[in-house]
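Biologist: Before we start, could you walk me through how features of a model like this one are to be read?

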Amino acid sequence: APVLSATDIEAGYEPGLPIVKGASITVGRGEIVVLLGPNGAGKSTLMKAMAGLVPVSRGAVRLSGSDITRSPAHRMVRLGLAFVPQTENIFTTMSIEENLVLAGHVVAPAERRARVEAMFALFPDLSARRRLAAGRLSGGQRQMLAVARALMISPTVLMLDEPSAGLSPKLTGEVFAKLAEIRRTGVTILLVEQNARAALAIADRAYILADGRNRHEGPAATLAADPEIAAHYLGLGGADDL
Ligand code: ADP
Ligand code: MG
Ligand code: MG
């Protein structure tokens, strides 16, 4: 069974005005799966609906066999679902280390210390641990810190909305290489990306959404090699967009 699934999801911001109109995805344990599609397709809305942040009017979300549709955030955390929204959720008036400690507040102190140290080992970019997470961190460092904060709950599944947004091609490559490394530690990853080519290079499978519905799906390499898909969907997020 998939570790995470969304089945026939209808979701939106206002009653009677669905943005996601019956989309379904599955994520297998240990996979990297990417959601692609044109701007406005409903990718972020679907991911936020799965994270319990947008009302779901139809369908079901399951995580590790539990129905988590409309679950409160603390239950999602307990079941191991971490979400990194597109807007960085880091506290700029705190240091890097304080950001990690706060993100691990649900964990007992000794384990929390161990996890903070594990994050400094996994993210050499964050080694200036006492530095405030404000202006002096680069975009890449801020994104790495947002990912490290999400990992503090030791999630089963890590969901990220456009982790490469606003990053140069070089930093995008570094963030994606880090995601591939995180997957090798056993974390399952679902991401939304505009930067389709770079995302397909690290993903196992991909879904292409359009107008709130599934349009295409398949192995990442198969979609990347399909000329029609490339022409219609993979032009986005290239160097021209940055
Ligand atoms: P994508 O991530 O694929 O670019 P989104 O899910 O962000 O698409 O947006 C899909 C549609 O939902 C857009 O038409 C957008 O205007 C609308 N939308 C997004 N966020 C909100 C919001 N907070 N309130 C109302 N409508 C929204
Ligand atoms: Mg968008
Ligand atoms: Mg989006």
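**Reading the ligand shell and the fold**

Modeller: The shell around ligand 1 divides into three nonpolar residues, six polar and one charged, where Ala, Val, Leu, Ile, Met, Phe, Trp, Tyr, Cys and Pro count as nonpolar, Asp, Glu, Lys and Arg as charged, and the others, Gly among them, as polar. This is a predicted model, in which local features need pLDDT of at least 70 and side-chain atom pairs count only at pLDDT 80 or more, while totals for chains, interfaces and linings use all residues. Residues are numbered from 1 along each chain as its sequence is written, and chains are lettered from A and ligands numbered from 1 in the order in which they are written.

Biologist: Which residues are around ligand 1?

Modeller: A residue is near a molecule if its C-beta atom, placed from the backbone, lies within 6 Å of it. Here the residues are Tyr-13, Ile-19, Gly-37, Asn-39, Gly-40, Ala-41, Gly-42, Lys-43, Ser-44 and Thr-45.

Biologist: What order do the strands of the open sheet have?

Modeller: Strands (E, at least two residues) are DSSP runs numbered from the N terminus, and two of them pair if DSSP finds at least two bridges between them. The open sheet of four strands has the order β2-β1-β4-β5 with antiparallel pairing, and its edge strands, β2 (20-27) and β5 (66-67), each pair on one side only. Strand β1 (residues 4-11) is joined to β2 by six bridges, and Leu-4 has Val-27 as its bridge partner in β2.

Biologist: What share of the protein chain counts as buried?

Modeller: A residue is buried if 20 or more other C-beta atoms, placed from the backbone, lie within 10 Å of its own; of the 242 residues, 42% count as buried.

Notes:
Buried ≥ 20, exposed ≤ 12 C-beta atoms within 10 Å, placed from the backbone.
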